[in-house]
Every structure is written in C-alpha cells, then in structure tokens.
Amino acid sequence: MSQHPIFVIQQGSSAAPDTIYIQVTANGPYKVYGKPPLQQVFIEKNAAGQSGRYAAGKTFTSKPTMYLCRCGHSKNAPFCDGSHAKVEVDLAERASFEPLLNGSMEIDGPKQILTDNEHYCGFSRFCDNGKRVWNEVQLAGKEHEQLTEFMVHNCVAGRLLLWDKDSMQPIETPLDAEIWAVEDPGMGCSGPLMVRGGIRVESGDGTSYEIRNRQALCRCGMSSNKPFCDGSHASVKYQDGIE
Ligand code: FES
C-alpha cells in the first residue's frame with residue numbers, strides 16, 4: 001500500500017517521510033515542517049563557462065518548524081523576517097495541480113525519451129551548457145546518454161524527466177529530503193529553493209501539489225507560476241543578500 005494514498009506522487013519519485021512537508025501560506029512565507037537540512041548551493045561553471053555542478057555553500061540550522069521567505073525582501077534570507085507584510089508583492093499561487101507530465105512535450109531518442117514541461121523552468125541551464133539536452137537525447141551512444149542523464153538530473157525544477165525507452169520506466173536518482181537555497185553567480189543573481197527528495201508542497205488552500213523528486217520554489221516573489229519558480233529571478237536579478 002502506498003505511504004501517501006491521497007497524494008499524487010510523480011513516477012520515479014518517492015515521497016519524503018510524512019513529517020517533512022512545506023505549506024505555502026497565503027501572502028506569507030513557506031512554512032517548513034520536519035526539519036529537513038537546509039543549505040546554500042552555488043551553480044559552479046564548467047571549463048566552457050557554463051553550468052557545471054552544484055557546489056556547497058553555507059549550511060543553515062534547521063528547526064522543527066521554520067519559515068522561509070517567498071517575497072524576495074527578507075533581510076534574513078533564506079528565512080522570513082516579516083517583510084512580506086510591508087511590501088507590495090503579489091504572492092498568489094497560480095500553478096496547476098495537474099501532474100507535470102500532463103503539460104510535457106516528448107522527445108524521442110534511440111534509447112531514452114526526454115519529457116519537458118517548460119512552465120517549470122528554474123533556469124539552472126544544465127540543459128544548455130555548451131551542448132543541448134534536446135539534441136543529446138536524440139544521438140546514439142553511451143557518451144550522449146550519460147550527458148543527457150547528467151543534464152536532466154541537475155535540472156533544478158524537475159522540468160526535465162528522462163525515461164528508458166525499452167522499459168518505459170523513469171531514469172531518476174533518489175534524493176535525500178533537503179532544501180537548497182540556490183545561488184547563480186553566472187547570472188549574477190540568487191535562484192530558487194530547490195526542494196529535493198519528494199517533499200510534499202501544500203498550497204494555501206490545503207491541496208497538495210504533485211510530489212516530485214526535484215522541484216523549485218520561487219523565493220524572489222516574481223514568478224508567474226507561484227509557488228514554483230519560472231526563471232524570473234534571473235531577469236529581475238534577485239539578490240538574497242546571504243554572504
Ligand atoms: S526564484 Fe525563480 S522565479 Fe522567483
């Protein structure tokens with residue numbers, strides 16, 4: 001029997017323990033339960049100057065209940081400092097509760113299938129780091145398969161998923177439940193909260209979004225697909241102010 005019979009879990013993902021979940025509060029912060037590890041990570045460049053890997057930054061002390069900023073104005077990021085009450089930011093949720101796969105396009109390769117839902121782009125750019133994942137998946141050979149897998153698995157928002165063509169099973173690496181505050185020095189900005197390892201995100205109205213292994217929550221306040229990141233942090237050059 002499934003651990004979460006009433007929640008939708010994306011194929012290839014496993015739900016984090018019940019105690020770890022995130023509530024999106026109406027016009028307020030993310031309320032995080034269950035003390036998942038919280039840390040800063042930097043998107044580090046590869047030799048070609050493109051997204052190469054995530055490098056660990058500062059580790060924050062997690063609390064049993066903690067409030068994380070989603071308006072982009074906290075002076076104590078990634079935590080909320082109450083600034084949302086003093087600024088004009090539209091924090092209304094607009095994301096669909098539909099499984100991500102429903103809005104995805106499919107690209108067929110010799111051994112793998114790529115699915116891509118562009119509404120969930122977190123702009124981490126591992127998919128376009130000198131090579132393009134949409135081309136790589138269509139090329140035959142181990143080297144291309146491994147590169148495709150690397151690009152997909154680093155996709156911060158889970159926009160990209162990869163499938164084994166023979167078995168039609170997802171190719172996804174299980175992740176521990178944790179939250180990363182992403183920094184993107186290559187773009188000169190801070191990025192989303194990468195929510196890893198099947199942490200359930202509950203909307204302000206109590207409905208749960210699909211549980212996924214990789215997802216990105218907006219913390220700049222500017223996404224048009226809240227609570228999820230849509231890459232707007234890069235155009236507004238969001239700065240979280242964390243040293
Ligand atoms: S953090 Fe990416 S759009 Fe807000």
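1. Contacts. Residues 24 or more positions apart account for 61% of the contacts in the protein with a separation of 6 or more, where contact means heavy atoms within 4.5 Å. The model is predicted: local features need pLDDT of at least 70 and side-chain atom pairs count only at pLDDT 80 or more, while totals for chains, interfaces and linings use all residues. Residues are numbered from 1 along each chain as its sequence is written, and side-chain values use heavy atoms, with hydrogens and water left out.

2. Overall form. The secondary structure comes to three helices and 12 strands; helices (H or I, at least four residues) and strands (E, at least two) are DSSP runs numbered from the N terminus. The radius of gyration is 17 Å, close to the 18 Å that the globule rule gives for 243 residues, so the protein is as compact as a globular protein of that length. This radius is taken over C-alpha atoms, and the rule is 2.2 Å times the number of residues to the power 0.38. Along the principal axes, the C-alpha atoms fill a box of roughly 55 × 45 × 30 Å. Of the 243 residues, 53% are buried (under 20% relative accessible area, with exposed over 50% and partly exposed in between; 1.4 Å probe, protein chains only).

3. Strand 9. In strand 9 (residues 178–184), seven of seven residues are buried.

4. Partners of strand 9. Two strands pair if DSSP finds at least two bridges between them. Strand 3 (residues 38–45) pairs with strand 9 in the parallel sense over five bridges, and Q39 stands opposite W180. Strand 10 (residues 189–196) runs antiparallel to strand 9 and is joined to it by six bridges, with A181 opposite L193. The hairpin of strands 9 and 10 has four residues between the strands, and G188 there takes a positive phi near 70°.

5. Residue N154. N154 lies in the loop between helix 2 (142–153) and strand 8 (160–164). At 14% relative accessibility, N154 counts as buried. Leaving aside neighbours within four places in sequence, N154 is in contact with Y54, S124 and F126.

6. Cavities. On a 1 Å grid over the protein atoms alone, a cavity is a set of points where a 1.4 Å probe fits but cannot get out, and lining residues have an atom within 4 Å of a point. Grid points are joined across faces, edges and corners, and a volume is the space filled by probe spheres set on the points. There are two cavities of 30 Å³ or more. The largest holds about 60 Å³, and its lining includes F97, Y120, R212 and F228. That lining divides into six nonpolar, two polar and three charged residues (Ala, Val, Leu, Ile, Met, Phe, Trp, Tyr, Cys and Pro count as nonpolar, Asp, Glu, Lys and Arg as charged, and the others, Gly among them, as polar). The second largest cavity holds about 30 Å³; among its lining residues are P110, K111 and E145.

7. Largest pocket. A pocket is an open set with protein on both sides within 12 Å along at least five of seven lines. The largest holds about 190 Å³. Of the 14 residues that line this pocket, the closest to its centre are C121, F123, R125, C127 and R159. By class, its lining has nine nonpolar, two polar and three charged residues.
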